[in-house]
Amino acid sequence: MERIRLLITSDVHGHISPKNDTTKLIEASGLARFKTVVNALKDENTLVLDNGDILAGTPLSYFHAERYPDDIPPVTKAMNDIAYDYVNIGNHDFDYGEEILMMHLQNLKAPCITNNWQYYGKPFGPTYVIREIAGKKIAIFGLVTSYTPHWQKKANIRHCRFTDVVETAKKTVDTVRRLEKPDLVICMYHGGFENDPVSGMPLTNNKGENEAYRLCREVSGIDLLIAGHQHCSMKGKINNTYYIETSAYAKEIGCVDIDISNKTMDLHLLKCDAEADEDLMKLVEKEQKECEQWLDTEVSRSTMDLSVSEVPDERVHKSNFVTLMNTILLETTHADIASTTLRKDCKGLSRSITMRDIFSLLPYEDTVDVCSITGAQLREYLERSAELLSHYVDGKPCFNPAYIASMQYTAYDMLDGVEYTIDTCQEPGSRITSLMRNGKEIEDEEKLTIAMNHYRRNGTDGYDMLRNLPVLKEFTLSQREMIAQYLSIHPEIDFEPVENIHIL
C-alpha cells in the first residue's frame with residue numbers, strides 16, 4: 001500500500017525543551033522531542049503541519065518578546081530546524097502583538113495558510129495550497145477561530161479581521177474542488193468541537209468559539225479536519241470527514257496515514273516521549289540560561305500561607321491567595337470590586353515568591369478591564385458562579401459533580417469589595433440571598449466599577465451578562481505583569497484573611 005503521512009502538532013505554546021520552566025520537571029513534551037519523532041517517521045511522502053498557538057505560553061517565549069523583540073523568536077528557530085511544511089495561526093499567537101507575530105511568520109520557512117484572517121484588509125494566507133505527493137493532488141487550507149477578537153486586546157489585532165469559519169470553509173472547498181479537482185482536501189482549523197463527535201451532545205456553552213462539529217456536518221468535501229484549541233485528544237469520522245485533535249505542548253503528536261488508493265485514513269495519537277534532539281536544544285541554550293536566571297529572581301516573601309489546594313471542593317471557599325489576587329486588582333485599578341478565577345493547575349504562591357511562581361499563575365498574556373456594573377448585573381453575575389455549587393447531605397458545600405467531571409468548576413469566580421451569601425439549598429438563579437457593600441445591601445440600580453480578566457469580561461464560561469458591560473478602561477499591562485509590579489513594591493506579604501463570601 002502506498003500512503004501519504006501527516007505529522008501534526010497543535011497548541012505547542014512555545015514548549016521547546018522537555019523541561020517545564022515553571023515546575024522544573026522533565027516532561028514528555030516539547031519540540032525537541034517532536035523533532036526526534038519526525039526524523040524517525042518522516043519520508044518523501046510526509047507533510048509536517050502545525051495547527052496554531054505556538055508562539056506564546058512559556059516563560060522563554062515571554063522573556064524573548066520582552067528582552068529581544070527585534071530578534072527571531074526561539075520557537076521560530078525550532079520550527080525551521082524541524083522543517084515544518086505548513087502552519088496555521090491560533091488565537092494566542094497574537095498575544096505579543098502584531099510586530100512580534102510578523103517577526104515570527106516572516107522568518108518562518110513554512111508558509112502560514114490561514115485564509116480567514118485578514119491583515120490590513122487582505123487574507124494573510126492563500127485561499128489554499130496544492131501539494132502533489134505520491135502522484136496525488138492534495139489541497140490544504142487553514143482557519144482560526146473567529147472568536148479571537150473576544151480574547152485579544154485591541155492593540156494586538158488593530159489591523160486584523162476574522163471572517164466566519166463555516167462560511168469561509170464552504171467557499172474555500174467549493175473553489176478548490178471546482179478549480180483544482182484535488183484528490184484530497186485537508187482543513188487545519190484552530191478551533192475545537194462544540195459538540196461531542198460521537199453522541200452529538202453539546203460540550204460547551206458555545207458562542208462561535210468552537211465549530212469543528214459544524215465543519216464536519218455542514219461543509220461537504222473536507223476529507224480530513226485537523227482541529228485544535230481545546231487541548232483535547234480526539235479522532236474519528238463524522239459523515240465523510242475524518243477528524244483528529246491533539247493535546248497541547250507537543251505532549252502528543254497526530255499521525256495520519258492516508259491510503260491513496262481509497263482515501264481511507266489511519267488516525268494515531270502518539271506520545272511524544274522520544275529523546276530530545278540535542279542540536280535543536282543548542283539553538284535556544286543561551287537564551288534559555290538567561291531566562292532561568294530571571295525566573296529564579298525573588299520578587300517578594302510571604303509570612304502567610306498562599307497555597308491553593310488541588311482538591312476541587314476545597315476551592316469553594318476563598319483562600320488567602322484569592323484575596324491577594326483581588327487586592328492587587330483593587331489597588332492597581334482603583335475599581336470598587338475585583339474578581340478572580342482559579343485555573344485548574346493553579347497552586348498559589350510559595351513563601352519565597354519568584355518570577356517562576358508568578359509565571360505559573362498566568363502563562364498567557366491575559367489583560368484586565370475595568371467595567372461599569374449595576375447591582376442587578378452584579379447579582380446575575382454571582383448567580384452564574386453560585387450555579388456551579390452543590391451540597392452534601394451534611395450541608396458541606398462543594399462543586400456540582402457534573403462540573404468537576406467536565407472541569408467547568410474552573411469557571412467559579414470569587415469577588416472582593418462586596419460581601420455576599422450563597423445558599424446552595426436554593427434553586428440556581430436564587431442563591432445569592434445577600435449582597436452588600438460597606439454594610440449596606442446593594443440596590444439593583446446602584447452603579448459600581450469592577451476589575452476582571454479580559455477573558456471573563458467577554459462572557460466566556462456562561463457569563464453572558466458581562467459581555468455588554470460598559471468598559472471604562474483597558475489596561476495594557478498583562479495581569480501577570482500587574483502581579484509582578486505589586487509584589488516588587490511589597491517585599492513582605494502579610495494581611496488579615498478576608499471572609500466576605502458566606503456559603504450556606
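Three strands make an open sheet, ordered 5-4-8, with antiparallel pairing. Its edges are strand 5 (122–123) and strand 8 (160–162), and each of these pairs on one side only. This is a predicted model.

Strand 4 (residues 117–119) meets strand 5 over two bridges, in the antiparallel sense. Within that pairing, Gln118 stands opposite Pro123 of strand 5. Helix 4 packs on this sheet and touches strand 4 and strand 8. The direction of helix 4 makes about 105° with that of strand 4.

## The second largest pocket

The largest share comes from helix 4, with four residues.

The space in the second largest pocket is about 390 Å³. Its lining holds 21 residues, and those closest to the centre are Asp95, Tyr96, Gly97, Ile100 and Asn156. By class, the lining splits into nine charged, seven nonpolar and five polar residues.

Another open sheet has five strands in the order 3-2-1-13-14, and its pairing is mixed. Strand 3 (86–87) and strand 14 (265–271) are the edge strands, each pairing on one side only.

Strand 1 (residues 3–9) and strand 2 (residues 46–50) run parallel and share five bridges. Here Ile8 stands opposite Leu49 of strand 2. Helix 1 (residues 31–41) packs on the sheet. The strands touched by helix 1 are strand 1, strand 2, strand 13 (252–259) and strand 14. The direction of helix 1 makes about 180° with that of strand 1.

## Strand 15 and its partners

Strand 15 (residues 298–302) pairs with strand 19 (residues 352–354) in the antiparallel sense, over three bridges. Ser300 has Ile353 of strand 19 as its bridge partner.

Strand 15 also pairs with strand 29 (residues 492–493). That pairing is parallel and has two bridges. Ser302 takes part, with Ile493 of strand 29 as its bridge partner.

Which loop holds Ala134? Ala134 sits between strand 6 (129–133) and strand 7 (136–144). The phi of Ala134 is positive, about 50°, although the residue is not a glycine. Is Ala134 exposed or only partly exposed? Its relative accessibility is 24%, so Ala134 counts as partly exposed.

His334 has a positive phi too, about 65°, and is not a glycine either. His334 lies in the loop between helix 9 (320–333) and strand 17 (337–341). His334 counts as exposed because its relative accessibility is 66%, and the cut-off for exposed is over 50%.

Key: Residues numbered from 1 in each chain as written. Predicted model: local features only at pLDDT ≥ 70, side-chain atom pairs only at ≥ 80, totals over all residues. Heavy atoms only, no water. 1 Å grid on protein atoms, 1.4 Å probe; cavity = no way out; pocket = protein on both sides within 12 Å on 5 of 7 lines; lining within 4 Å. Points joined across faces, edges and corners; volume = space filled by probe spheres on them. Nonpolar A, V, L, I, M, F, W, Y, C, P; charged D, E, K, R; others polar. Pairing = 2+ DSSP bridges. Contact = heavy atoms within 4.5 Å. Axes fitted to C-alpha atoms, helices over the stretch in contact; angles between N-to-C directions. Buried < 20%, exposed > 50% of the residue type's maximum accessible area, 1.4 Å probe, protein only.
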